[in-house]
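Subject: Structure handover

Hello,

Here is the structure I promised to pass on. Please open it first, then read my notes below with the model on your screen.

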There are 2 protein chains.
Amino acid sequence: MPRIVLLNVGTAAPRAVHRQLWLLREGDVVVSPLVPDEDFLRYVCGELGVDRAALRFVSAGENLTDEALTAPALIHEVRALLAEHDAWELLPAHHTEGVAAFADLCGLPGDTGLRFAAQRGPVLLNRKSHFRQLAVGADVPVPDGTVVTGPAALAAAVERYLPRTGTVVVKRDDDLGGQGNVALTLKETRPLPGTRATLAARAPEAAADVLWAELTDAQNPVLAVESYHRSTHSFYAEYLIGPAGDVTFLNSGTIRRRADIDPAASELVWVGLELPAELPPGAGARALTASARMVALAAAIGYRGHINVDGIVTDTGEVLFNEANARWGGSLALHAAGERLLGPAYLDTHVLSGLRDVPALPLPAALDTLRRHGLAFSPEIGEGTVVLGYDPSGERPLECVVLAPTRERARAVEAAVRDAVGEVRP
Amino acid sequence: MPRIVLLNVGTAAPRAVHRQLWLLREGDVVVSPLVPDEDFLRYVCGELGVDRAALRFVSAGENLTDEALTAPALIHEVRALLAEHDAWELLPAHHTEGVAAFADLCGLPGDTGLRFAAQRGPVLLNRKSHFRQLAVGADVPVPDGTVVTGPAALAAAVERYLPRTGTVVVKRDDDLGGQGNVALTLKETRPLPGTRATLAARAPEAAADVLWAELTDAQNPVLAVESYHRSTHSFYAEYLIGPAGDVTFLNSGTIRRRADIDPAASELVWVGLELPAELPPGAGARALTASARMVALAAAIGYRGHINVDGIVTDTGEVLFNEANARWGGSLALHAAGERLLGPAYLDTHVLSGLRDVPALPLPAALDTLRRHGLAFSPEIGEGTVVLGYDPSGERPLECVVLAPTRERARAVEAAVRDAVGEVRP
């Protein structure tokens, strides 16, 4: 069945949009925030063996908000393309209310997932407060903590949960990517994984007033407060819930972070994801058992589409879950590249190492550099690097992914890529 | 809460009973098919740090069938011991109808698991035919195949499922441990993992008549017929479903088999289980995702207690499940030894390698041999061997388990154990 792919990834930032091109298949109608860079699109098509002419794009010229998705001109343009076939599969990045309205306006049949989206159901899975509620109900382990609805309760919760590890994390309810997570600690205030800033917890009441004002708004009048645990591994598992509620495991990975070059930086640099997750075997099995339960619950309450569940292994070997994201994960583009370049069992034979911080180069220079150094992905040897995400303005770093048969080889290729790009940069 | 442990393991064979002593805790009342060998019991207690005097045994003097479990004299003896405490936790190896009757006769309160057992509910999970039905309904992958109710249907099914891999396996419905599995093949008739015998599939109709007569009876008037797949890994995952239907992952492992010394033998020798399962990462994650679904279904239909789900990774990388066993798995005694000797996170730090085929020695000679060669388990270094199961008559081999920090160390210790025991044997 041909597909309508909605690149409603929450932004019109070129790199974030371009990396999703790895998901495309011939016949796709792609609704996008922007007209993709033609050179990059042709590069991706070449790597995937996809005929560029078999892809059609409809550009909104702006971030694909619900409003943009339902704009009459866009609907008109999409409907004209849909007339060619009787049945289409809808593949949105987020199942928002606007996606349900878009489907309706395009004359696509309703289904469980769209009805759930029309009621803003995925919010039940994405908010930190709802996640804690549903996770404990499904017997999925989460850090000690609570959900608070005002600054006094926030101060009390900080005092209550601080003793266990000496650090608590206060989470904005609708946060993405840890940007709304602030740590309060009795220890040294150095950057911590998964948080935007670390503050001293000397005066919880004053801090609570400031954080309440900063992290809440009219649509997000609650915060989650949790004991913060030092972790040996930050991992995720990503699944697809099919139309019938069937769950397919797609991929898992760990998050690589490093200290910023700037010692005054308040957060760690996110290097990238590494697939598959390599966890201690018992912890890994407990994690997958619990995340399967969370995803089964998501399917039971009516969510359809992609979902990832994120957690940590603590320094005492405990598995704790932090959040679910009912949308395409940051991992999905890497998964698509792995599956398409190496085959469906790629996790059994290869490691994929995402590099989000490769210094910006124009695409031709980047590809030329990889090829000249023998670092471009080779299907024959099943190893090498592809440019996953790209910002034609050069404002954002390149996003690359190294595919290699072992973790050691992935590290070696990564080092060679960094050296090679470093040489080319002025 | 003190426990009543029912060693209704389906046999009164001493080795099979003795290996379960590793599960015991102080305060347990143990209902057993036999009076355990006192030397072996004291050895196990010594390794576990359990006070021998804090264990009480009630022996039925025979296999703990449902009839034996409900014999008035046994109930009388058990009730006298139960009078000491108000509440007891019941821990049976199998949740049979007789266990529910035993609980009732002992005045223990009913619960979901016992009510389910009283209706013979666990049979729904243990029979090959029911397993296939429930597994496909739960979207758990099983080999292509079907359930047949007569010899003509059996012959037709063999012809239908033979082409895919050239071999089919015909499964007795209430089989344990592959003893009722017979392979029919178009290829060479050598022993295959998980089957009792391999027959030539030249004349399916004649073979069907013979197999139907041999593998069915009045209580088991159906057979399962499946395509047989060559596997790279045979694995299981074991779980505990708690009183509230909560699921805990306990352990996973792979099955080690080897060719018999006798080249005419029709089946492979089962060397033992190795914990944790080491599968290719993607296959391993898909396996745990599917087995979690199967176990969630078992909990939903009312089963409580231990359950293991067994499967393979085929030579093409596919994960397929063969059966569930709603009872203590062969792995549970190893799990208990690992957890008690190495701590609850033992799967993250150690490998346990079961050896079911160590030549029989009297217990003192076996322990002396291990100690003299420095091969006995040492809590200080977290490595070594324990005697897991023991037949005082010397008729059955010793069952040992090697605990070691790596798979390589486990192999080295195993080789040293085999050498050391070989020297002592006359």
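Start with the cavities. This is a predicted model, and it holds two cavities of 30 Å³ or more.

**The largest cavity**

The largest cavity has about 40 Å³ of space. Which residues line the largest cavity? They are Arg19(A), Trp270(A), Gly272(A), Leu273(A), Gly330(A), Leu334(A), Gly354(A), Arg356(A) and Glu399(A). Sort them by class and you get three nonpolar, three polar and three charged residues.

Now look at the elements behind that lining. β12 (269-275) and β15 (351-358) of chain A each supply at least two residues. β12(A) gives the most, with three residues.

Arg356(A) lies over the face of Trp270(A), at 4.0 Å from the ring centre.

**The second largest cavity**

Move to chain B. The second largest cavity has about 30 Å³ of space. Its lining is made of Arg19(B), Trp270(B), Gly272(B), Leu273(B), Gly330(B), Leu334(B), Gly354(B), Arg356(B) and Glu399(B). Two or more of these residues come from each of β12 (269-275) and β15 (351-358) of chain B. β12(B) gives the most, with three residues. By class, the lining has three nonpolar, three polar and three charged residues.

Domain 3 (230-326) and domain 4 (332-426) of chain B each give at least three residues to the lining of the second largest cavity.

Check the charge and the ring here as well. The charged end of Arg356(B) sits over the ring of Trp270(B), 4.0 Å from its centre.

**Domains of chain A**

For chain A, the domain assignment gives domain 1 (3-122), domain 2 (144-227) and domain 3 (350-426). How far apart are the centres of domain 1 and domain 2 of chain A? Taken over C-alpha atoms, 37 Å separate them.

**Aromatic pairs**

How many aromatic pairs are there over all chains? A search of the whole structure finds 10. Take Phe40(A) and Tyr390(A) as an example. Their ring centres are 5.7 Å apart and their planes meet at 25°, so the pair is stacked. Stacked pairs need planes under 30 degrees apart.

The cut-off for buried is under 20%.

A second pair to find is Tyr239(A) and Phe249(A), which is edge-to-face. The centres are 5.8 Å apart, with 80° between the planes. Tyr239(A) lies in strand β10 (residues 231-241) of chain A, and Phe249(A) in strand β11 (residues 247-258) of chain A. The two are 10 residues apart. Both are buried.

There is also an aromatic cluster. Trp22(A), Phe40(A), Tyr43(A) and Tyr390(A) form it.

**Backbone points to check**

Most residues other than glycine have a negative phi, and most peptide bonds are trans. Keep that in mind for the next two stops.

First, the peptide bonds. A cis bond joins Leu275(A) and Pro276(A), with omega at about -10°. Pro276(A) lies in the loop between β12 and α11 (281-300) of chain A. In chain B, a cis bond joins Leu275(B) and Pro276(B), and omega is about -10°. Pro276(B) is placed in the loop between β12 and α11 (281-300) of chain B.

Next, phi. Asp139(A) has a positive phi, near 65°. Find Asp139(A) in the loop between α8 (128-137) and β5 (145-148) of chain A. Its relative accessible area is 40%, so Asp139(A) is partly exposed. For Asp139(B), phi is near 65°. The loop between α8 (128-137) and β5 (145-148) of chain B holds Asp139(B). Asp139(B) counts as partly exposed, at 40% relative accessibility.

**One last residue**

Finish at Thr385(B), in strand β16 (residues 384-389) of chain B. Thr385(B) is buried, with a relative accessible area of 1%. From Thr385(B) to His130(B) is 255 residues in sequence and 39 Å in space, C-alpha to C-alpha.

Best wishes

Definitions and conventions
Residues are numbered from 1 along each chain as its sequence is written. Chains are lettered from A and ligands numbered from 1 in the order in which they are written. This is a predicted model: local features need pLDDT of at least 70, side-chain atom pairs count only at pLDDT 80 or more; totals for chains, interfaces and linings use all residues. Side-chain values use heavy atoms; hydrogens and water are left out. Domain bounds come from an automatic or database domain assignment. On a 1 Å grid over the protein atoms alone, a cavity is a set of points where a 1.4 Å probe fits but cannot get out, and a pocket is an open set with protein on both sides within 12 Å along at least five of seven lines; lining residues have an atom within 4 Å of a point. Grid points are joined across faces, edges and corners, and a volume is the space filled by probe spheres set on the points. Helices (H or I, at least four residues) and strands (E, at least two) are DSSP runs, numbered from the N terminus. Ala, Val, Leu, Ile, Met, Phe, Trp, Tyr, Cys and Pro count as nonpolar, Asp, Glu, Lys and Arg as charged, and the others, Gly among them, as polar. Rings of Phe, Tyr and Trp (its six-membered ring) pair if their centres lie within 6.5 Å; planes under 30 degrees apart count as stacked, over 60 as edge-to-face and the rest as tilted. Buried means under 20% relative accessible area, exposed over 50%, partly exposed in between (1.4 Å probe, protein chains only). A charge sits over a ring if NZ of Lys or CZ of Arg is within 6 Å of the ring centre and within 35 degrees of the ring normal.
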